[in-house]
Amino acid sequence: MKSATDMDELTGEDGIPLEEIYNMHHAKNIAKNYKEIIEAVGEDASREGLLKTPLRAAGSIQFLTQGYKLNPEAMLRKAIFRENYSQMVIVKDIELYSLCEHHMLPFFGKAHVAYIPDGKVVGLSKIPRIVDAYARRLQIQERLTDQIRDCIQNTLSPLGVAVVIEAQHLCMQMRGVQKQHSITTTSAFTGEFLKNEKTRQEFISLVKSR
Ligand SMILES: [Zn+2]
């Protein structure tokens with residue numbers, strides 16, 4: 001087992017750049033566990049190509065779960081301003097990368113988000129940022145969809161929110177049922193999108209148009 005001092009040697013100029021590691025104290029603990037995993041699956045953790053892998057993987061998993069440190073509702077609240085625009089605002093094809101909480105394997109795809117303002121709008125760049133803030137956690141696609149919807153509804157109080165996520169799950173594609181091309185679609189609505197079939201259809205057709 002490598003000591004923490006040995007881990008120090010892996011960082012710095014010819015090791016892993018410190019900025020790739022979110023929290024060095026936690027990274028060292030995570031790295032110890034990754035080293036055990038590497039050995040437990042039958043690999044030689046001391047061979048050259050794997051020497052830096054535990055710490056590199058630790059930095060990587062910290063990056064992929066950095067959403068726990070973020071407060072998406074606070075992020076949105078800072079970017080709200082008054083505006084009398086009352087048509088549907090839609091941000092589509094937001095790239096999305098998350099980790100399924102059952103296998104800790106990636107699921108990835110696109111999120112489409114819309115809302116109908118009620119006197120307040122939010123800076124458009126904030127929508128992809130809250131998608132990331134929830135996606136960079138251990139997730140299931142259904143909860144991720146609901147959390148994005150609820151965050152916008154709770155902070156902006158619009159007339160309605162619509163969220164659709166289309167994603168491929170590596171835990172299905174690389175293992176399990178090995179359905180290579182299946183795409184899972186989830187949706188969540190509030191307000192006008194729930195009440196008004198026509199509004200919902202308008203959103204769906206805007207999402208589908210390329
Ligand atoms: Zn899974």
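Q: Why is Val207 called buried?
A: Val207 has a relative accessible area of 6%. Buried means under 20%, exposed means over 50%, and partly exposed is what falls in between (1.4 Å probe, protein chains only). Since 6% is under 20%, Val207 counts as buried. Keep in mind that this is a predicted model, where local features need pLDDT of at least 70, side-chain atom pairs count only at pLDDT 80 or more, and totals for chains, interfaces and linings use all residues. Residues are numbered from 1 along each chain as its sequence is written, and side-chain values use heavy atoms, with hydrogens and water left out.

Q: What does Val207 touch, not counting residues up to four places away in sequence?
A: Val207 touches Ile90, Lys92 and His112, where contact means heavy atoms within 4.5 Å. Val207 itself sits in helix H9. Helices here are DSSP runs of H or I with at least four residues, strands are runs of E with at least two, and both are numbered from the N terminus. Val207 and Asp93 are 114 residues apart in sequence, yet their C-alpha atoms are 8.1 Å apart in space.

Q: What makes Asp93 stand out in its backbone?
A: Its phi is near 60°, a positive value in a residue other than glycine. Most residues other than glycine have a negative phi. Asp93 lies in strand E2, and at 30% relative accessibility it counts as partly exposed.

Q: What is phi of Met104 near?
A: Phi of Met104 is near 55°, another positive value in a residue other than glycine. Met104 is in the loop between E2 and E3, and its 45% relative accessibility makes it partly exposed.

Q: How do you know which residues coordinate the zinc ion?
A: You look for donors, meaning N, O and S atoms within 2.8 Å of the metal (3.2 Å for Na, K and Ca). Cys100 (SG), His103 (ND1) and Cys171 (SG) sit at 2.1 to 2.3 Å from the zinc ion, so these three meet the cut-off. Water is not among the atoms, so a site may look incomplete.

Q: Why can we say that the pair Cys100 and Cys171 ties parts of the chain together?
A: Along the sequence, the donors are spaced C-x2-H-x67-C. Cys100 belongs to strand E2 (residues 89-100) and Cys171 to helix H7 (residues 170-173), so the pair links parts that are 71 residues apart in sequence. Both cysteines are buried too: Cys100 has a relative accessible area of 5% and Cys171 has 9%.

Q: Is Ile183 buried or exposed?
A: Ile183 is exposed, because its relative accessible area is 53%. You'll find Ile183 in the loop between H7 and strand E7 (184-189). Leaving aside neighbours within four places in sequence, Ile183 is in contact with Glu166, Ala167 and Gln168.

Q: What does Arg200 touch, not counting residues up to four places away?
A: Arg200, in helix H9 (residues 197-208), touches Phe189, Phe193 and Leu194.

Q: Which residues of H5 are buried?
A: They are Ile127, Ile130, Val131, Ala133, Tyr134 and Ala135. Their cover includes helix H4 (72-77), E2, E3, strand E4 (120-122), strand E5 (138-139) and helix H6 (141-156).

Q: Which elements each supply at least two residues of the lining of the largest pocket?
A: Helix H3 (53-64), E2, strand E3 (106-116) and helix H5 (126-135) do. Among the lining residues are Phe63, Tyr97, Phe108 and Arg136. They divide into eight nonpolar, one polar and three charged, where Ala, Val, Leu, Ile, Met, Phe, Trp, Tyr, Cys and Pro count as nonpolar, Asp, Glu, Lys and Arg as charged, and the others, Gly among them, as polar.

Q: How many helices and strands does the chain have?
A: There are nine helices and seven strands.

Q: How many of the 210 residues, as a percentage, count as buried?
A: The share is 40%. As for contacts with a separation of 6 or more, residues 24 or more positions apart account for 70% of them.

Methods. On a 1 Å grid over the protein atoms alone, a cavity is a set of points where a 1.4 Å probe fits but cannot get out, and a pocket is an open set with protein on both sides within 12 Å along at least five of seven lines; lining residues have an atom within 4 Å of a point.
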